[in-house]
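I opened this notebook to keep track of what I looked up. The entries follow the order in which I went through the topics.

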Amino acid sequence: METPLTKNMRADKSPVALSDYMSTGGYAAVTKTIGKSSPAEVLQVVKDSNLRGRGGAGFPAGMKWSFVPMNEDDPGHKYLVANADEMEPGTFKDRLIMEQDPHQLIEGMILAAYTIQADVGYIFIRAEYHYAIRELKKAISACHDKGFLGKNILDSGYNLDIHVHVSAGRYICGEETALLNSLEGKRAHPRAKPPFPQVSGLWGRPTIVNNVESLACVSHIVNNGADWFKSLGIGEDSGTKLFGISGRVKKPGTWELPMGTPIRELVEVHAGGMQDGYKLRGFLPGGASTDFLTEAHLDLPMDYDVIMKAGSRMGTGQMIILDDKTCPVAMVENVVSFFARESCGFCTPCREGLPWVEKVLHAIEVGEGVPEDLQILERQGRFIGAVGNTHCALAPGAIEPLTSALKYFREDFEQHIRDKKCSYQ
Amino acid sequence: MPTIIVDGISYQVDANDNLLEALLGLGLDLPYFCWHPSMGSIGSCRQCAVIQYQDEDDQQGRLVMSCMTPVTEGAILSIDAEPAAEFRSAVIENLMINHPHDCPVCEEGGECHLQDMTVMAGHSMRHYKGLKTTHRNQYLGPLLNHEMNRCIACYRCVRYYQDYAGGTDLAVFGSRGRVYFGRHEDGVLQSEFAGNLVEVCPTGVFTDKPLSERYTRKWDLQSAPAVCTGCSMGCNISVAERYGELRRIHNRYNSEVNGYFLCDRGRFGGGFVNHEDRIRRCGVRNASGVYDPVSKQQMLEKVSALISAAGSKVVAIGSPRASLESNHLLGKLVGRENFYSGLSGREQSIINAIYAIQQTGGARIPTLREVEAADAVLILGEDVTNTSARLALSLRQTVRNRSKEMANQIQIPLWHDAAVRKLAQDEKSPLVLVTASEDRLEDVSCLTHRAGPDDTARIGYAIANIIDNRYSRPADLTDNEQTLAASIASILKNAEKPLIISGSGSLNLAVVEAAANVAWALKGENKDSGLIYCVPECNSLGVTMLHDGNSNNLDDLLSGSDDIDVAIVLENDLYRRAGSTAINSWLGKVKNLVVIDQLDNPTASVATLVLPAASFAETEGTLVNYEGRAQRSFAAFLPQGDIQGSWQWLLDIADQVGTQKFGSIRQFDQVTEDIAAQNAALSGVTKAAPDASYRSGAGQKIARMTHRASGRTAMVADVTMYEPQQPVDNTSALAFTMEGANLIKPGEVPSSLTPYIWSPGWNSNQAIIKFQAETGGALTDSDPGVRLIATASPVADLHTRHTTIPAITRHQGGSLQLVPGYHLFGSEELSAYSKAIAELTPRGYFAVHPDVAGQLGVADHDGLETQINGANVQLEVVVSESVARQCVVYSYGIDATGELVHEKRGTFKKAESWESSRPSNLIMSDR
Ligand SMILES: Cc1cc2nc3c(=O)[nH]c(=O)nc-3n(C[C@H](O)[C@H](O)[C@H](O)COP(=O)(O)O)c2cc1C
Ligand code: SF4
Ligand code: SF4
Ligand code: SF4
Ligand code: FES
């Protein structure tokens, strides 16, 4: 099994330096591409590879890039932004790449920026990632010394600078348009689309925002070709993916596995199964902002459309497991209170609706719930949850664990209300 | 025009609209908060949701925010569909979670958009049981209250304040359910347009502070359509009264003039009407200088006796802040040859020149709406924000035309406000400023040049000459001037609709003439150039037009040597327009000074006879604004005491005198008709508004009170059980009562007669939507006012007209050029009496450049003195980098600056015994 994303990573987790990175074929893709292939050729490979965004929505990267206007007469800037905000609860995959093999991201960014002819790149990174920030800065400076970044890269006439921008620390800053506002020094409110960032993004200029993991795939695609990348997946989707699991499993962690790996294999093989004395009750397949799935879904492959059909989303591919000794009401309350706190405050359903839901859940959890509360939760779930009801996707994501919990674990909610206490304590 | 189907009915709508605008424009009801017709959409409140169906077979549809969805041909929509209605109700329910349920003590109550939308959206049952979020309120200065608990976080206030009005000190703080709208700390709001928050905020967060002192609900107010007297822009206002006091001024929509917004002088400057210095009785000065009250009849007899005495020499001084009607009757009473306009010679010559320029037809005079369509602006020597504030607010929109162009290029609809702003970032259409001192528009200007008035005129002349070399060129143009003029000329030539703005502000004729040359030269290049002159007062242009631009002025009178038996002064404090020495020596020749005015000002205090005049809130009058638009203003209430309109005093005096000069004129409307008959230029004034005979469709007069003014009948119940008879209004088509036409339907009553705006279910000013032909556009019954100056085809040979170019300003034996500096709060006579405005008025000052301060040996807070025409004027020193060298800028209209307005230059020295008298209220924006 090939593991292009993690193949260089070391057991002691020390970062791969530029020389080591190059010794295993690093920057070969940049060397053979910049000034040698046309942007359109790179775009075609990425399109053919069917690389889907690893940030959560699974949007095809090549298609996203193709919306950038390639108008040679327009002298203004274009931007490429690596989204390294990674604040989704239960998600710790981009961190792995940036801390242990940062050049993979830089190389992917150079190729992506070249494809859209961006001259400035930003890595928008979560403030808590001190270690990654340091390694990325080192990597960038090493690239400047080697001529992979800066003016006239590899004598091609192509210029690119990459800056590391440390986020001020809000979950919403990971939403790509809120990210752009934040990068401009403005309030981190999402923007309404259209216009899409590809046309009017950072400072009103064409901009691409991609997840760190998506960008890290690019050099491997350029090196090995679209068919190779497609063949890595064992299901419908292409490539490998950093899947992860947290919760009461024996070995929580993150592993690079083919797209389409069955959930059961993830849980039982890679995570070593549930801890002794615990049973799996359900799981959020792609981070805290996805709907619960249950045991019945364990044999599904982790593919975007499959998980979607099952009623959830693959999201970041980083699962959170609910066991039989943890109260689902408390878990949902915890999740909702995170999202209520992280709401940007721009639109009504999210700003006002989530705190209300949080309060109702808290009342139920501490034994003060009343039967009507379930109707309120259901109504609020519809109000907040439908796509289009809110200005951005934070709110629907925030409420998905609740609406699915009401479907799968309703008896727990009813028990709390009936017995006026939580039976898990 | 695309067709859309809404709940089964087809409509034609504008392709450039979003669905919300389109639906509201069709007269349909749909609740909204964050969208504003002047500010576009951002999609934050989610209140305006409707269902959009893909095609006829689509049963389910998709919920969309109508304000964020463009009109598309064939769109199938439903407002009534259950999911949409349920969602809209849920939005209100969620907004209400933290909202106080105490409408009865909220000052927005009764004209609250949130109340209206709550009822419209149908939410009535509360399910939330938790505690409410609460906030601390802030002190925001004397104009606005702040009650943050009432906030529904629609983001309108910050969008208006920052994005629309260019303010920097009101923002949104925090995030999630705890967003806070206010200042970073307590303090006076710095924007000149902050007061509009009262109407922009859909809830009771920002409310009118002077109103709260003597609070009245909208439904208990008695209102009238009036015109602001604060400056020459002629903004339309709705002025409101209760218990004989002016309570508040609200915006009255006029799509060509003020649109939705006023400036804070206009909104809060009416306080003088209630001022303790108001003259309320007729008075005769006795030997010891005290005024003895006399009855109205006694006064009329006294005045009449003075005027009728055999061989009596009677003169009259009119006023640019009095109505056409009052000025006209005054001239009629004493005869044209004895009428003096009341403007100083300097001012009058400038305004005459402006009027003459306007009559050439050489360039368009844009309305404020048209200002917003210009693609390049040059301002020569006028501090627009402080002299003609509403124009500055329009200019802040004008500079956004570049961003609209950019948006059009990539098909971003212009109503998509956030997207347009993000796309354009700091890109702006060019606005060039040539001013003598700091200007509030500098933040949106692409080029600011500091120059005294003469040098400003030279730049203007040079620009015109570069555009078309038939226009005179300054002989000794310096290299710097040449370069600057060339770059400004090229900016203007690159535009299609360049706009030149100047005015009487710098009291310099050459500036005015140079501005015309630029506009004309551009016109010659086939540009659709516009030319705006700001004039000082609400009727400066009107009094000038009254005598075709050649009436006598105040200086003609003061410099005469004749002894005068009676001088009648109409609404005019002479000490603001001439030096005290000149006035006092003239007064020595005047046997009887008769003053008709509102306030006990310095002129009234030396009068022999004082007649109390009604203010703009208490009487009718026609005013002519900067663009030559005649607008009628109506009384909101009848004043108590002997107060009556100046025109009425003059009719009564004429009656008493028994003169034949007035013919059969007995009524206000007849005065207006006489003006139209006597002056070709003013022949349109009768069309400014319907006359007193107008009746609504149902044959009724128009009620000044709302149909809910239930309190009227109980107003004096504590004193007497008999309800006094309401005063009868014979002067206009309005009535002092709630009986009559008050459930006004769109188009039913002429807009110029609409006292306040209300529509069923729409109690706030946002009801104006129901009175617009299309959302945010002209009123169904065209906008009020009639334009008197036609843009005729230009007279030939314009380039030969203005050739008197001033020499470059140099130090002349230590004398400095005197330049008036204006303040929105304080420079205008009447508004300065309003308590809230007085609190914001800076101390009088002489501002100088640091170099000049060094030469004079003065620093901030020292005093400077100058001897002028026999008077010694001392004011505090303000040292500022942004004052042109060679100039001293003085606080026009504030403290003893009337002494200075005549002089172009002065010699200054440090005032050794200077002690600063008042605490400084100078707000940051003034520095
Ligand atoms: C509330 C919210 C938070 C998000 N946070 C992140 C994040 O931390 N990192 C990320 O890559 N994408 C995040 N996304 C998704 C981004 O908006 C965007 O879709 C993604 O960066 C695009 O990259 P991709 O196409 O490579 O997946 C977030 C989305 C939402 C709605
Ligand atoms: S759903 Fe609305 S309030 Fe919530 S984060 Fe997105 S834009 Fe902000
Ligand atoms: S203060 Fe008023 S305008 Fe501002 S957000 Fe709150 S409700 Fe809206
Ligand atoms: S701009 Fe002039 S007319 Fe308009 S509100 Fe202000 S002072 Fe009044
Ligand atoms: S009015 Fe449409 S979302 Fe606020």
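Predicted model: local features only at pLDDT ≥ 70, side-chain atom pairs only at ≥ 80, totals over all residues.

Residues are numbered from 1 along each chain as its sequence is written, and chains are lettered from A and ligands numbered from 1 in the order in which they are written.

**Entry: cis peptide bonds**

I looked up Pro195(A) and found it in the loop between α8 and β4 of chain A. Pro194(A) sits in the loop between α8 (176-183) and β4 of chain A. The peptide bond from Lys193(A) to Pro194(A) is cis too, with omega near -5°.

**Entry: positive phi**

Gln117(A) is not a glycine, yet its phi is positive, near 55°. I placed Gln117(A) in the loop between α6 and β2 of chain A. For exposure I used this scale: a residue is buried if 20 or more other C-beta atoms lie within 10 Å of its own, exposed if 12 or fewer, and partly exposed in between, with C-beta atoms placed from the backbone. Gln117(A) counts as partly exposed because it has 18 C-beta neighbours inside 10 Å.

In chain B I noted Asp797(B), which is not a glycine and has a positive phi of about 60°. Asp797(B) is in the loop between β29 (786-787) and β30 (815-821) of chain B. Asp797(B) has 9 other C-beta atoms within 10 Å, so it is exposed.

**Entry: helix α7 of chain A**

I checked the length of α7(A), residues 130-146.

Which residues of α7(A) are buried? I listed Ala132(A), Ile133(A), Glu135(A), Leu136(A), Ala139(A), Ile140(A) and Cys143(A). Seen down the axis of α7(A), the buried residues fall within an arc of 165°, so they line one face of the helix. The arc is that of the directions from the helix axis to the C-beta atoms. On the face turned away from the buried side I found the exposed residues His130(A), Ser141(A) and Asp145(A).

For packing I used contacts: two residues are in contact if their C-beta atoms, placed from the backbone, lie within 7 Å. The buried residues of α7(A) pack against α1 (18-23), α5 (94-100), α6 (102-116), β2 (120-125) and β3 (161-166) of chain A. After α7(A) comes Gly147(A), with a positive phi near 85°.

**Entry: domains of chain A**

Domain bounds come from an automatic or database domain assignment. For chain A it gives domain 1 (18-231), domain 2 (233-323) and domain 3 (328-419). The C-alpha centres of domain 1 and domain 2 of chain A lie 27 Å apart. Their contact takes 18 residues from domain 1 of chain A and 19 residues from domain 2 of chain A.

**Entry: chain A against chain B**

I found 30 residues of chain A in contact with 31 residues of chain B. On the chain A side, α14 (328-342), α15 (348-365) and α16 (372-385) each supply at least two residues. α15(A) gives the most to that side, with eight residues.

**Entry: ligands**

Here I counted a residue as near a molecule if its C-beta atom, placed from the backbone, lies within 6 Å of it. Around ligand 1 there are 24 residues, and the closest are Gly53(A), Gly55(A), Gly174(A), Asn211(A) and Ser214(A). Strand β4 (residues 207-211) of chain A gives the most to this shell, with three residues. Where does ligand 1 lie? Domain 1 and domain 3 of chain A both give residues to its shell, so ligand 1 lies between them.

Ligand 4 has 14 residues around it, and Cys228(B), Gly230(B), Cys235(B), Gly266(B) and Arg390(B) come nearest. Helices α7 (264-268) and α13 (389-398) of chain B each supply at least two residues of that shell. Domain 2 (107-112 + 133-274) and domain 4 (364-528) of chain B both give residues to the shell, so ligand 4 lies between them.

Notes: Helix = DSSP H or I, 4+ residues; strand = E, 2+ residues; numbered from the N terminus.
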